[in-house]
Amino acid sequence: MQAKPQLQGLPSYKPGKPIEEVKKELGLTKVVKLASNENPYGASPLAAKAISEAASQTAIYPDGYAAVIREKVATKIGVEQNQLIFGNGSDEVIQFLCRAFLSPETNTVTADPTFSQYKLNATIEGAEVREVPCVEGVHDLDAMLKAIDENTRIIWVCNPNNPSGTYVSQEAFTSFLERVPSHVLVVSDEAYFEYVTASDYPETLPLLEKYENLMILRTFSKAYGLAALRVGYGVANPALISLLDPVRPPFNNTTFAHVAAVASLEDDKFISSCVKKNTAALKQFEKFCQTHKLKYYPSQTNFILIDFNRSGDEVFDYLLKKGFIVRSGEALGFPTCVRITVGTDEENQELFSVLEELLVSKAVEQ
Ligand SMILES: *Cc1c(COP(=O)(O)O)cnc(C)c1O
């Protein structure tokens, strides 16, 4: 057998540790997972209701065209139905894009550090990945532009960026788009769109009219709380969508994912209440960092990257023993940081006091 050479030694994705595994390993009864930027309040109750109502439909294939959710999303965000492509999570749309655009003769430009799936999928396609260092966690769009050549096919803007939570402004993004050559597809990955509060965050949908080389990615996994169901989508001009559609497996979303996502779109109140609580909690995280003189990256998301000025793994291990699963920055490109998903108020307060213990003990050591 001979697989693609680029698969040799390619690491598989290391997800946040599952709660049950941690409980068993450490003999803990209560474990809080603040590792994968999931919604701590779950999803709209309408989602579970829709799933139970559809529970008898297991024998029938889902609607491969995703007609109902397509119509719903198109209306919600104000685009035509033929401007949408649905994926099994936006992760799958990233995979479609790499399959459709990348090959060994091509290259792709990403920020570094950024979301790992761009590089992984590009590598599998054999493309060269040009990683351009972030400045203070923010994409260096000018340097990214300079990395483009005639073989560049996709440039990725993770906005807000995961794992830093920072964002690129409307002004910076439009000036960048203006300068990207038309043979390069620009992907604006907006997985945390609903959580953004910055007034100068780019409004990308209206830009689709002018820029045929723009694709926007959104997901139901984060603020909508449907990570288990795997629904994300891409928005672009109809020609780009038709080009990608044959790459998509015919029944890539389940019926249950469709009905739950559709129902969730009816519940704006749920989203706005989650976002409000998240924004307030983020302020408390910032205050905590300021009080303890910890550097943090200002976040527009439901997570925050904090620099503990010591190995991220060490802080991770400490928190794990106390029943909190977070993400060490070591694997995320910020070795002295930890990425923490914003939890419920109760979870956050508990986390703060546990972290305080660590910081006090460190102060004593010095
Ligand atoms: C979570 C995340 C995604 C993927 O979400 P799906 O669950 O696959 O929809 C995509 N991009 C970024 C930046 C993310 O953080």
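Let's start at Lys 222. Lys 222 counts as buried, because its relative accessibility is 14%. Buried here means under 20% relative accessible area, exposed means over 50%, and partly exposed is in between, with a 1.4 Å probe and protein chains only.

A word on the source. This is a predicted model, where local features need pLDDT of at least 70 and side-chain atom pairs count only at pLDDT 80 or more, while totals for chains, interfaces and linings use all residues. Residues are numbered from 1 along each chain as its sequence is written, and side-chain values use heavy atoms, with hydrogens and water left out.

An unreviewed UniProt entry lists Lys 222 under "modified residue: N6-(pyridoxal phosphate)lysine". Such annotations may be inferred rather than shown by experiment. Lys 222 is in the loop between strand S7 (214-219) and strand S8 (232-235). Helices (H or I, at least four residues) and strands (E, at least two) are DSSP runs, numbered from the N terminus.

What does Lys 222 touch? Leaving out residues up to four places away in sequence, it touches Ser 36, Asn 37, Asn 39, Ala 191, Tyr 192 and Tyr 195. Contact means heavy atoms within 4.5 Å. With the side chain of Tyr 192, the Lys 222 side chain makes a polar contact at 3.1 Å. That term is a pair of N or O atoms within 3.5 Å; within protein, one must be able to donate a hydrogen and the other to accept it, and residues adjacent in sequence count only if both atoms are side-chain atoms.

Next, the sheet. Seven strands form an open, mixed sheet, ordered S2-S8-S7-S6-S5-S3-S4. Strand S2 (84-87) and strand S4 (128-133) are at the edges with a single partner strand each, so one side of each has no neighbour in the sheet. Strand S3 (residues 107-112) pairs with S4 in the parallel sense, over six bridges. Pairing requires at least two DSSP bridges between two strands.

Now the charges. There are 18 salt bridges in the structure. Each is a side-chain nitrogen of Lys or Arg within 4 Å of a carboxyl oxygen of Asp or Glu. Take Glu 350 and Lys 30: their closest N and O atoms are 3.0 Å apart. This pair links distant parts of the chain, 320 residues apart, with Glu 350 in helix H12 (residues 345-365). Another joins Glu 190 and Arg 218 at 2.9 Å, N to O. Arg 218 is in strand S7, Glu 190 in the loop between strand S6 (185-189) and S7. Both Glu 190 and Arg 218 are buried.
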